[in-house]
Amino acid sequence: MRLAELADKLGATLPDPASADLSVARVMTLEDATPDSISFIANPKYMGQLNGTRAAAVLADARTFESQRTRFPCPAVIVPNAYLAFAQAVQVLHPAPTHEPGVSGLAFVDAAAELGHGVCIMPLAYVGRARIGRGTVIYPHTFIDDDVELGEDCTVYPHVVLMRGTRVGARAILQPGCVMGSDGFGFAPSADGTPEKIPQVGVVHVGDDVEIGACTTIDRAALGVTRIGGHVKIDNHVQIAHNVQLGENVIISGHSAIAGSAKLEKNVMLGGCSAVVGHITVGEGAKLAAAAQTMHSIPAGETWSGVPAIPRGQWARMILHSQNLDEHVKTLRQLQKRVDELEARAKQG
Amino acid sequence: MRLAELADKLGATLPDPASADLSVARVMTLEDATPDSISFIANPKYMGQLNGTRAAAVLADARTFESQRTRFPCPAVIVPNAYLAFAQAVQVLHPAPTHEPGVSGLAFVDAAAELGHGVCIMPLAYVGRARIGRGTVIYPHTFIDDDVELGEDCTVYPHVVLMRGTRVGARAILQPGCVMGSDGFGFAPSADGTPEKIPQVGVVHVGDDVEIGACTTIDRAALGVTRIGGHVKIDNHVQIAHNVQLGENVIISGHSAIAGSAKLEKNVMLGGCSAVVGHITVGEGAKLAAAAQTMHSIPAGETWSGVPAIPRGQWARMILHSQNLDEHVKTLRQLQKRVDELEARAKQG
Amino acid sequence: MRLAELADKLGATLPDPASADLSVARVMTLEDATPDSISFIANPKYMGQLNGTRAAAVLADARTFESQRTRFPCPAVIVPNAYLAFAQAVQVLHPAPTHEPGVSGLAFVDAAAELGHGVCIMPLAYVGRARIGRGTVIYPHTFIDDDVELGEDCTVYPHVVLMRGTRVGARAILQPGCVMGSDGFGFAPSADGTPEKIPQVGVVHVGDDVEIGACTTIDRAALGVTRIGGHVKIDNHVQIAHNVQLGENVIISGHSAIAGSAKLEKNVMLGGCSAVVGHITVGEGAKLAAAAQTMHSIPAGETWSGVPAIPRGQWARMILHSQNLDEHVKTLRQLQKRVDELEARAKQG
């Protein structure tokens, strides 16, 4: 693609008019760039890699370009936000594979399934009495149960399982092996001491523009609805228990777990390997750090860390002191001796 | 369903005879109840929600009903244990979907497979030379290897994998994507420093009335048997390593991991995201708290917390002191100054 | 098998010539051994089990045999390394199931797929326009996308997902349900505050002799390559994020997570449930303990523990002091009182 054409698609300007006829075929990092690629500088940390890059051109904001002009070994492409422009350039130069609409003769599709226009159902998929929105792509080995609704333009990768009653909005991206609508984990001790299953008869409802990671599980509610808001993004290996409520734009990194009936308000972010116990609320825009576990509700906007989690500043001091305990305990023992001596002296005195 | 009929099924009594003709269609929480639903009050914490509920009737024990009579905005249904009655009412009013017996023409079933009476094998399932007990339901995309035995009345959800040699008892509920009989993780350093696989040739044996969560993995033994006792309940994303032994009624919450050859005696409970290292024993009825990791055997009946785990009371004091370290370190520094002064004064004296 | 024949295959010697005609059918532990089995003693910890074993013969190194001669209740088989010999004996006596070459008529195989000699593709597998090396076995419900390359003599267990662009070397063992090539987790805040997906257009490259655990996920790179070196062994439920680089012989235990662009140099070992944050390096041969999370690069050869991780010795002292905080705080309070008294006395003096 001519650089001028790409710049046009990105709403970018070319300070060097001669660069318009350069040709770019892919997006690459400054470090790995080949001469047919466009790269980007969005983080000052990587400024040192500008000099050596072999890229044909580099996306940058005006300020970065002006201040680092001498470091650019190739033409710049000026955009308001280089990171977003990078994402857009990837979409332009590396388009996602397209899929022919149609239903494979090797798939199982229930006679009562309702398929929107342009749906693609690949071989070995299973679609029960479900409703699939137009343009949605269903990969092989996907299981879509009776009474499931999937929105328009979704991508359902292989081995996704959507159990009965699940509703998913438009443009969902469901990574391989994620599961929605598995039973919640609920048992009551029966008379003879064995655990008795509480039937899980609720469902899972998911908003629009959601992405769910590989091998992530979202349990159906015991009663009612486990709810995932619009624009929620969940990484791999995350466990969402029954009756959890996730507000819009919630972002959950990999290997995290949210216990039953917990509520995460909109814009909450969870770091990797974090955990939220049941029946608490993480307030709007709050953050839980990686590897933290909160046993208490977190007020809106705060960042908590640790196990059990506490506000981040308090946690940082605790860790600092803990890591210096060797020193502190030595000081304590020296003080004991010094006080012993002072007391001995006082007695003599 | 008439309330009188439901009460009859639950062994319940209706203090208000006029309520017998009320009609209920579903079970819902006090908060979400619609006028055609029956609700329940099992936890004093939710007593405040009684007033406002729109439920047609509420399950309660006699004591709760007598003491809170004025709060009931609708008839009560008196039962010995409101939580168990809730579970039973759900079973009555929300029966699980039933499946027509028979083998789908789109499934692969080995000619030598032995299928009990009333087995249902859905499309795209794979059943090798296995034995499937009567009444068991096999969902699509399930893989049942040669030399597997599954008991009666099991429910095997989509994408379950049961590898060669696995034995599962009656009434198992296997949630989507769980795996039994994957190889244990065993390597020995070879002469050239690369890790050499120890072939894993043992199997997995699972008792009756077990439930295994979505994406949970249970590895085959290196030699011998990885054993899961009867009535064991395991949540999603749990890792059970080779040669682990789980006694009856063990309950393991989500995202937990049990390393090789560990033994959990009966009635052990593990909180979410907890971990047990290899070759140790967690004694009968012991509990490991959420997010804890034990490196040592836990005596029967004790509750341990933390990483590394210690008895819960000791852990609680440690956390309290740790979170107050800022204060303690200040005190320590003040003491240093005060002792400095005392010493200076003593010298002068 | 005659013991003499087995000894021959293992390069072992039989100190008791009369034992050559013994017959052994399986390998078992000292404790569980039946009279038709061969056992092994590789760890002095189990020496006490020698006396009572019912095994027909026991593998041991010469030194162990000489020093414990009286404890052997059965003939010994002398080998240089009893643990490796045990692994080899398992391979001889418990050969892995073999699979008839050929493509099942119930599998989907793209017309443009290239299959090596002796490939076995079982029913309900999906193979796109991919290249499969000779001798490789593909179990049911495996998904192999277009533009995937798999080496020779691989074993791909059920429900494995290999997405577009993935390359896997020879002799890989891919346990059930593992996923390679799922999208990395990358989002940029868009103008309206919703997270905008950064398209993930890189790939996954995996070396020779790798084993990947059940339900483990390896994300494709954002740009470029997520790289898994030769002889890497990864346990179940591990998350490898986009652009991670794993050197040769890296061993990762279950339930661990490695964040984006982290680099683990060769011979690194991660304990179970451990975590590595993004963009850091774990140096050659370094170890991260179970349940630890490192936020900083670890120098080659070091062992770190804790959250956040620190060098193991320092961590051990920190834990010791933390667990004794109750005592230390008592000492601190006593000192306060003693200094109060000394000060009062000094004032009076």
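Q: Which residue of chain A forms a salt bridge with B:E343, and how far apart are the closest N and O atoms?
A: The partner is A:R338. The closest N and O atoms are 2.8 Å apart. Keep in mind that this is a predicted model.

Q: How many salt bridges are counted between chain B and chain A?
A: The count is four.

Q: How is the size of such an interface expressed?
A: Often as the accessible area lost when the parts come together. Here, chain B and chain A bury about 4,900 Å² between them. Carbon and sulfur atoms give 71% of that area. The contact draws on 61 residues of chain B and 62 residues of chain A.

Q: Which residues of chain B lose the most area to chain A?
A: They are B:H255, B:Q323 and B:L332. Together they make up 11% of what the chain B side buries.

Q: What does the interface of chain C and chain A look like in these terms?
A: About 4,900 Å² is buried between chain C and chain A, with 71% of it on carbon and sulfur atoms. In residues, 63 of chain C touch 61 of chain A. On the chain C side, C:F185, C:L223 and C:R338 supply 14% of the buried area, more than any other three residues.

Q: Which residue of chain A forms a salt bridge with C:R338?
A: A:E343 does, with the closest N and O atoms 2.7 Å apart. Across this interface of chain C and chain A, the rule finds four salt bridges.

Q: How are two packed helices described?
A: By the angle between their axes and the distance between the axes. Take helix α4 (residues 312-323) of chain B and helix α5 (residues 325-348) of chain C. Their angle is about 50°, and their axes lie 9 Å apart.

Q: Do β21(C) and β24(C) run parallel or antiparallel, and over how many bridges?
A: Strand β21 (residues 203-206) of chain C pairs with β24 (residues 225-228) in the parallel sense, over four bridges. C:V204 stands opposite C:T226 in β24(C).

Q: What joins β21(C) to strand β16 of chain C?
A: Two bridges do, and these strands run parallel. β16(C) covers residues 167-168. The bridge partner of C:V168 is C:V206 in β21(C).

Note on methods
Residues are numbered from 1 along each chain as its sequence is written. Chains are lettered from A and ligands numbered from 1 in the order in which they are written. This is a predicted model: local features need pLDDT of at least 70, side-chain atom pairs count only at pLDDT 80 or more; totals for chains, interfaces and linings use all residues. Side-chain values use heavy atoms; hydrogens and water are left out. Axes are lines fitted to C-alpha atoms, for helices over the stretch in contact, and angles run from 0 to 180 degrees between N-to-C directions. Two strands pair if DSSP finds at least two bridges between them. Contact means heavy atoms within 4.5 Å. Buried area is the accessible area (1.4 Å probe) that two parts lose on being put together, summed over both. A salt bridge is a side-chain nitrogen of Lys or Arg within 4 Å of a carboxyl oxygen of Asp or Glu.
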